[in-house]
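Please examine the sequence and the structure shown below.

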Amino acid sequence: MDKHTQERIRNTRRYLLIGLLTAAPLWVTWLVLDFIFTQLSKLGTPWVVAISRGLRRNYPAVADFILLPQFQSVLGVIFTVVVLYVLGWLASLVIGQRIIGWLERLVQSIPLVAAIYGGTKRFLAAVKEKPEGVQRVVLISFPSQDMKAVGFVTRVIRDESTGEELAAVYVPTSPNPTSGYIEIVPVAQVVSTDWTMDEAMSFVMTGGATSPSHIRFRNPPGGGLAVGGQSAAPAAGVGEVDTTTMAEAPARGDVDLGLRQREE
């Protein structure tokens with residue numbers, strides 16, 4: 001095989017790799033958008049079918065056009081978005097809040113549905129509100145002490161026997177962050193980061209490919225606050241014993257005793 005052919009093979013491999021790396025983000029974005037579009041279309045399709053049935057008696061051509069697969073999906077998405085907008089508008093009004101509260105009480109009266117609805121609502125409320133005393137995006141030792149995982153603090157609680165602060169941390173899996181683990185760890189062992197939610201989600205969904213060049217992996221030694229990137233050292237004369245003075249004390253006592261004996 002001549003050099004020209006070898007060079008062509010290397011270039012082919014190189015261009016294929018570059019093309020794959022270029023298309024991967026677009027492919028992931030397409031999968032996410034396709035999933036959202038499909039779910040919104042499924043939610044709105046029954047209403048589109050109902051509208052088509054209502055129009056069939058007087059406008060059969062319009063009814064058939066609405067039921068076309070492409071138009072039906074688009075119309076389903078539009079209908080779902082409009083319903084969500086109207087729901088949000090009603091939730092901002094007093095009467096809307098009363099209606100939603102009545103519906104919530106109705107849902108919570110059903111045993112299994114109440115557990116799912118209540119848990120989902122509490123989780124979304126915890127994610128929306130930033131916990132006190134700790135950053136939202138953190139690193140915890142998981143699954144071993146020498147490894148770190150990105151997690152989201154959802155709540156800060158206390159140990160009933162010691163009063164120690166504990167953090168409930170949701171550790172998402174990659175590349176699908178909708179599944180994960182719930183870990184309860186001491187707040188002192190949580191490593192805070194300066195990441196935003198968007199940066200952390202991007203890190204998880206890309207398998208760590210979008211990580212920054214520098215990251216804080218451990219807390220400062222001794223568990224204390226760091227001053228200028230170094231652990232604060234105790235001040236001189238505070239909490240320390242002058243061993244030199246203690247060693248010289250017996251000798252000074254002997255000299256004083258000798259002078260007293262000479263004066264006598």
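Two strands pair if DSSP finds at least two bridges between them. Helices (H or I, at least four residues) and strands (E, at least two) are DSSP runs, numbered from the N terminus. This is a predicted model, in which local features need pLDDT of at least 70, side-chain atom pairs count only at pLDDT 80 or more, and totals for chains, interfaces and linings use all residues. Residues are numbered from 1 along each chain as its sequence is written, and side-chain values use heavy atoms, with hydrogens and water left out.

**The sheet**

Five strands form an open sheet in the order S4-S3-S2-S1-S5, with antiparallel pairing. Strands S4 and S5 (191–192) stand at the edges with a single partner strand each, so one side of each lacks a neighbour in the sheet. Helix H6 (residues 197–205) packs on the sheet and touches strand S1 (137–141), S2 and S3 (contact means heavy atoms within 4.5 Å). The direction of H6 makes about 135° with that of S2; axes are lines fitted to C-alpha atoms, for helices over the stretch in contact, and angles run from 0 to 180 degrees between N-to-C directions.

Strand S3 (residues 165–172) is largely enclosed by the rest of the structure, because 7 of its 8 residues are buried. Buried means under 20% relative accessible area, exposed over 50%, and partly exposed in between (1.4 Å probe, protein chains only). S3 runs antiparallel to strand S2 (residues 148–158), to which 6 bridges join it. Within this pair, Val153 has Val169 as its bridge partner, and Phe152 has Tyr170. S2 and S3 form a hairpin with 6 residues between them, and Gly163 in the turn has a positive phi of about 80°. S3 also pairs in the antiparallel sense with strand S4 (residues 180–186), over 7 bridges; there, Ala168 has Ile184 as its bridge partner.

**Helices H3 and H4**

The axes of helix H3 (residues 69–91) and helix H4 (residues 94–108) come within 6 Å and cross at roughly 105°. H3 is therefore roughly perpendicular to H4 (65 to 115 degrees). Leu87, Leu90 and Ala91 in H3 meet Gly96, Gln97 and Ile100 in H4.

**Salt bridges**

The whole structure holds 2 salt bridges, each defined as a side-chain nitrogen of Lys or Arg within 4 Å of a carboxyl oxygen of Asp or Glu.

| Salt bridge | N to O distance |
|---|---|
| Arg56–Asp64 | 2.8 Å |
| Arg158–Glu165 | 3.2 Å |

Asp64 is partly exposed at 42% relative accessibility, and Arg56 is partly exposed at 35%. Arg158 is exposed, at 56% relative accessible area, whereas Glu165 is partly exposed at 36%.

Key
Parallel < 35°, antiparallel > 145°, perpendicular 65-115°, else oblique.
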